[in-house]
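Trainee: I'd like to go through this model with you and ask what stands behind each label. Shall we start?

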Amino acid sequence: MPADKISIGIIGGTGIYNEKDSKETKKIKVSTPYGSPSDLITIGKFNGKKIAFIPRHGSNHTIPPHKINFRANIMALKALGVEKLISLSAVGSLRENFKPGDIVLSDQFIDFTKQRIQTFYDGNRVCHISTAEPFCSELRRIAIDITKKLKFSFHENGTYCCIEGPRFSTRAESRFFRNFADVIGMTICPEVTLAREKEMCVLNISTVTDYDVWAKKPVSVEDIIKVMKENNEKIREILRNLIEAIPEKRHCECGKALENAFVD
Ligand SMILES: [Zn+2]
């Protein structure tokens, strides 16, 4: 593998990436057959390892969740050589014990999105990618160890319910979703599945900002901003450790996700 290959990609919220954390930062434009990614891609170096970062909603936070060009984001990272994707997201809590400020290393998702293109294979080849275990076991293990070591309040498992948005849930929907999921957000689907179709390892790190509407716990914008700021600090700390710990060579099955996925 060439020394300057970019093997780690990060897709996250605006403001999560701190350019002070990395060296030799530059921004590049990448075009794909699916259109443009959410923004210019930031290429940086963390402890000698090259990473590529895409702000999911654009650098000025102008792209709502249902308008994100997920295929372009994943395709652009793939074109740069990315094999491991760290997907960061802010979520609402569907459980009393998933508290604002907690970190959730999701191990499952349930997709309630309605109008997003779910696959790269919508032409003449039929692909049924397995998502029984949608996230990379190796990256999850590394992230669990790091988050434990940093002593952050976190959940090593969690089911992420992904809704279409941009509106929030009704109270009835929120109560319905809590029957089977722990946290709720609008962004990881179909990002995870598309990355699996490109045989990437995917890790989701979610941060809880507040309780979803089932809880009837009104929060002020001030409270949410405070929690989000603290969450961003924690994520940066985790990322610094994580990027260093991720091995160059993969020891998981993610790189074979397309084996047996095709009908023909
Ligand atoms: Zn993997």
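Mentor: Contact means heavy atoms within 4.5 Å. This is a predicted model, in which local features need pLDDT of at least 70 and side-chain atom pairs count only at pLDDT 80 or more, while totals for chains, interfaces and linings use all residues. Residues are numbered from 1 along each chain as its sequence is written, and side-chain values use heavy atoms, leaving out hydrogens and water.

Trainee: Which residues does L85 touch?

Mentor: Leaving aside residues up to four places away in sequence, L85 touches G9, I10, I11, I74, L77, L139, E191, A195, M200, C201, V202 and L203.

Trainee: What makes a set of residues a nonpolar core?

Mentor: The members are buried Ala, Val, Leu, Ile, Met, Phe, Trp, Tyr and Cys residues joined through side-chain atoms within 4.5 Å. The largest such core here has 33 residues, and I74, L77 and L85 touch the most other members. Helix α1 (70-79) is among the elements that supply at least two residues, and α1 gives the most, with five. Another core, of 27 residues, lies apart from it and includes F53, F154, I235 and I246.

Trainee: Why are C252 and C254 called buried?

Mentor: Buried means under 20% relative accessible area, exposed over 50%, and partly exposed in between (1.4 Å probe, protein chains only). C252 is at 14%, so it counts as buried, and C254, at 6%, is therefore buried too.

Trainee: What makes α1 "mostly covered"?

Mentor: Eight of its ten residues are buried, namely F70, R71, A72, N73, I74, M75, A76 and L77. They pack against β1 (8-12), β3, β4, β5 and α4. Helices (H or I, at least four residues) and strands (E, at least two) are DSSP runs, numbered from the N terminus.

Trainee: Which atoms coordinate the zinc ion?

Mentor: Donors are N, O and S atoms within 2.8 Å of the metal (3.2 Å for Na, K and Ca); water is not among the atoms, so sites may look incomplete. The SG atoms of C136, C201, C252 and C254 lie at 2.2 to 2.3 Å, inside that cut-off.

Trainee: And why is the arrangement called tetrahedral?

Mentor: Four donors count as tetrahedral if all angles lie between 85 and 135 degrees. The angles around the zinc ion are 97 to 116°, so the arrangement is tetrahedral.

Trainee: How do you know what span to expect for α2?

Mentor: The expected span is 1.5 Å times one less than the number of residues. Helix α2 (residues 137-149) has 13 residues and reaches 18 Å from its first C-alpha to its last, close to the 18 Å expected.

Definitions and conventions: Four donors count as tetrahedral if all angles lie between 85 and 135 degrees; four count as square planar and six as octahedral if opposite donors are over 155 degrees apart and all others between 65 and 115; anything else is irregular.
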